[in-house]
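Reader: I'd like to go through this one with you and ask what stands behind each label. Could you show it first?

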Amino acid sequence: MSKQVSVVVPLLNESESLPELAKWIDKVMHTHNFTYELIMIDDGSTDNSWEIIEELRSGNSNIRGVKFRRNYGKSAALHVGFAAAIGEVVITMDADLQDSPEEIPELRRMIVEDGYDLVSGWKKERFDSFIKNRTSKVYNWAARKMSGIQLNDFNCGLKAYRLDVVKNVEVYGEMHRYIPIMAKIAGFKHIGEKVVQHQARQFGETKFGVARFIRGPLDLLSIHFV
């Protein structure tokens with residue numbers, strides 16, 4: 001049975017934040033009377049994230065879980081989440097509580113009422129490290145120049161999609177940061193942006209690694225040549 005909203009959450013070693021995240025999402029959905037599913041993809045966690053997901057799932061039939069045997073990366077997790085999603089609107093967000101579920105109703109409205117195919121969050125005020133912020137600015141500038149899509153924050157994890165968009169883009173490598181470009185190539189041209197609240201990380205450490213300095217630009221070049 002179709003849902004109004006699918007929330008897809010890729011995660012890696014985020015056991016401490018998962019109970020609060022699930023509770024927060026559930027509260028927002030019930031406040032706005034949305035039918036929903038929450039799909040949590042455990043990307044090879046080495047902590048007890050999967051055990052937490054199983055506990056949450058046993059107490060809430062809206063929660064679904066997928067477990068990877070090893071770490072495949074965020075793009076692979078999103079690929080599986082997109083394949084599983086059945087909601088009319090698909091929301092992606094990170095598991096670390098830096099993305100606010102309170103943004104979901106307005107993101108959904110922009111898809112359903114304003115007719116956007118994709119709405120990307122813009123973390124105008126960020127709580128990330130200096131290196132991550134500077135790297136993101138370089139990526140965003142290059143992505144705008146290459147694609148002609150005037151987004152300020154291509155890599156924001158908080159995004160909303162019309163269901164047929166996620167069924168027609170193939171996410172792999174580190175391509176998740178360039179999904180708006182792939183959506184445009186696939187013929188979905190009504191792409192918008194919304195300023196979203198960004199919060200400081202409460203638990204654990206960022207999964208941002210040095211390898212992304214190399215993979216990100218290479219994937220952007222790959223999209224350009226395709």
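Author: Here are the labels, each set against its cut-off.

Author: This is a predicted model, where local features need pLDDT of at least 70 and side-chain atom pairs count only at pLDDT 80 or more, while totals for chains, interfaces and linings use all residues. Numbering starts from 1 along each chain as its sequence is written, and side-chain values use heavy atoms, with hydrogens and water left out.

Reader: Which strands are called edge strands, and what makes them so?

Author: Start with the sheet: it's open, has 7 strands with mixed pairing, and runs β3-β2-β1-β4-β6-β5-β7. The edge strands are β3 (63–67) and β7 (191–195), as each pairs on one side only. Two strands pair if DSSP finds at least two bridges between them.

Reader: What backs up the length of helix α1?

Author: The expected span is 1.5 Å times one less than the number of residues. For the 14 residues of α1 (residues 18–31) that should give 20 Å, and the end C-alpha atoms are 20 Å apart, so the two agree.

Reader: Which residues of α1 are called buried, and why are they said to be on the same side?

Author: Buried means under 20% relative accessible area, exposed over 50%, and partly exposed in between (1.4 Å probe, protein chains only). In α1, Leu18, Leu21, Ala22, Trp24, Ile25, Val28 and Met29 are buried. They span an arc of only 165° around the axis, so they sit on the same side of α1; the arc is taken from the directions from the helix axis to the C-beta atoms. Lys23, Lys27, His30 and Thr31, on the other side, are exposed.

Reader: What do the buried residues of α1 pack against?

Author: They pack against β1, β2, α2, β3 and α4, where contact means heavy atoms within 4.5 Å.

How values were computed. Helices (H or I, at least four residues) and strands (E, at least two) are DSSP runs, numbered from the N terminus.
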